[in-house]
Amino acid sequence: MGGSYYDVIIIGGGPAGLTAGLYTARARLSTLLIERGIFGGQIANVSWIENYPGFPEGISGYELAQRMYQQGEKFGIETVTTEATGIELEGETKIVKTGEGNYRARAVIIAGGAHLRQLGVPGEERLTGKGVSYCATCDGPFFRDRVVAVVGGGDSAIEEGIYLTRFASKINLIHRRDQLRASKLLQERCFSNPKMEFYWDAVVEDIGGDERAENIHLRNVKTGEITTLEVDGVFIYVGLKPNTDYLKGLLTLDEGKQIIVNDQMETESPGIFAAGDIHHNSPRQIITAAGDGATAALSATRFLEGI
Ligand code: NAP
């Protein structure tokens, strides 16, 4: 596959990349979509989505991802499962380096999204998969009638915390401030849920346990007081880190390592576009990622027509 040449290569198969592919394929541009994991990206692990228009009852992230993937495939997107590790320029050709070899295209849309940030505390890595989890949808059912902690105060922590109340007997929500960042609707829901208990101004010092997570030590950031909580599981949702490490030196990144683009999703490098959570100031919503993907695809189409 080393020498394949496409009109457009899309890096990342989340809502931004899948939408971009839908548009480029329908524009009859030969399109390769590179995804290292499962199609859908972060949304594949989101329990339930209520703010993507067209699904008034809501839809599971996995199902939405499947539908987006099927729609792109129907119009002829080619896909490969591998990780993009670099982009090089050779005249007007962009060479995307991957574990499966190099792919070439005239335009590239970078839609690689972001991954969940780790807390970085002792015990976290050692006990991941042994009670420590970043995916309530995948691991929630293992915690039926158990006590779990959820760390974070954003939409993800609250939404997935509420989802976990289907299984767990109690959710200890641990947040480093005394106010949640999550949307007001989610706040109303979690405050009225009897299974949720809140630990404010609290940070996790470490996660303890031999074979499995058994407890966490919390430090109150205002008083310094240390509390021990006995838990069977710890779900961590403390924000996102953009997947841009391999782009250093090629594109300008902001202080949060996101890619700078203009409102047409063009980067500073002609023929390279960025869409979704990966770009500077992204609102990080599924609908905006999909919108970015469409914008980037239309810009790429115009760029290719101009060559
Ligand atoms: P987020 O909005 O960045 O929130 C991260 C949370 O973790 C914040 O409450 C933050 O505290 C806390 N945090 C960060 N670093 C921490 C640390 N080291 N220790 C303890 N706590 C820490 O991330 P997210 O919730 O994953 O959401 C990401 C994006 O996706 C957002 O734009 C969100 O709106 C979107 N999203 C939307 C939905 C929805 O619309 N239904 C669902 C999920 C996600 P501070 O508040 O003090 O900064």
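**Close-ups of a predicted model**

**View 1. Helix 1 against helix 6.** The axes of helix 1 and helix 6 (residues 286-306) come within 7 Å and cross at roughly 35 degrees. Axes here are lines fitted to C-alpha atoms over the stretch in contact, with angles from 0 to 180 degrees between N-to-C directions; helices are DSSP runs (H or I, at least four residues) numbered from the N terminus. This is a predicted model, where local features need pLDDT of at least 70, side-chain atom pairs need 80 or more, and totals for chains, interfaces and linings use all residues. Residues count from 1 along each chain as its sequence is written, and side-chain values use heavy atoms, leaving out hydrogens and water.

**View 2. Helix 1 against helix 2.** Helix 1 (residues 15-26) and helix 2 (residues 61-74) have axes that come within 8 Å and cross at roughly 25 degrees. That makes the two roughly parallel (angles under 35 degrees). On the helix 1 side, the contact (heavy atoms within 4.5 Å) is made by Pro-15, Leu-18 and Leu-22. Helix 2 brings Ala-65, Met-68, Tyr-69, Gln-71 and Gly-72.

**View 3. Around the ligand.** Here 20 residues surround the ligand, the closest being Asn-51, Asp-155, Ser-156, Arg-177 and Arg-181 (a residue is near if one of its heavy atoms lies within 4 Å). Zoom in on Asp-155 and you'll find a polar side-chain atom 2.7 Å from a ligand oxygen atom. Arg-177 has a side-chain N or O atom 2.7 Å from an oxygen atom of the ligand. Glu-159 puts a polar side-chain atom 3.1 Å from a ligand nitrogen atom. Polar contacts like these are pairs of N or O atoms within 3.5 Å.

Notes:
Angles under 35 degrees count as roughly parallel, over 145 as roughly antiparallel, 65 to 115 as roughly perpendicular and the rest as oblique. A polar contact is a pair of N or O atoms within 3.5 Å; within protein, one must be able to donate a hydrogen and the other to accept it, and residues adjacent in sequence count only if both atoms are side-chain atoms.
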